[in-house]
Amino acid sequence: MAVRQMSQKTVQFVIGWLLTDEDMRRRFVERPRETLIEIRDQGYELTADELDALARSAPAEWPAMARRIHPRLQRCRLQ
């Protein structure tokens, strides 16, 4: 049960990251599975099922969801 809880916290963290970080979201929209694998490879615990579910979660719609988050909570892309 503890492992499942830890993994759920990671899923929640990744969702928040995708909603508030423009660069991460752009990479996810372009390459969802690869981006999630990179996140997992950085040490964030994501099971294969969680990775698959996030990758299938309509990546192209994430920017529209992110626009609903207050701009002060967003991490904007610096060019």
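A nonpolar core is a set of buried Ala, Val, Leu, Ile, Met, Phe, Trp, Tyr and Cys residues joined through side-chain atoms within 4.5 Å. The exercises below concern a predicted model.

**Exercise 1.** Determine which residues of the largest nonpolar core touch the most other members, and which elements give two or more residues to this core.

*Solution.* Begin with the core itself, which holds 14 residues, and among these Val14, Leu18, Leu36, Ile39 and Leu46 touch the most other members. Next, assign the core to elements: those giving two or more residues are α1 (2-20), α2, α3 (32-41) and α4 (48-55), and α1 gives the most, with 5 residues. Finally, take Ile39 as a case: leaving aside residues up to four places away in sequence, Ile39 touches Val14, Trp17, Met24 and Tyr44.

**Exercise 2.** Identify the buried residues of α2 and work out how they are arranged around the axis of the helix.

*Solution.* The buried residues of α2 are Met24, Arg25 and Phe28. Viewed down the axis of α2, these buried residues fall within an arc of 95°, and therefore they line one face of the helix. At the start of α2, a side-chain oxygen of Asp21 comes to within 3.0 Å of the backbone nitrogen of Asp23.

Key. Residues are numbered from 1 along each chain as its sequence is written. This is a predicted model: local features need pLDDT of at least 70, side-chain atom pairs count only at pLDDT 80 or more; totals for chains, interfaces and linings use all residues. Side-chain values use heavy atoms; hydrogens and water are left out. Buried means under 20% relative accessible area, exposed over 50%, partly exposed in between (1.4 Å probe, protein chains only). Helices (H or I, at least four residues) and strands (E, at least two) are DSSP runs, numbered from the N terminus. Contact means heavy atoms within 4.5 Å. The arc is that of the directions from the helix axis to the C-beta atoms. A polar contact is a pair of N or O atoms within 3.5 Å; within protein, one must be able to donate a hydrogen and the other to accept it, and residues adjacent in sequence count only if both atoms are side-chain atoms.
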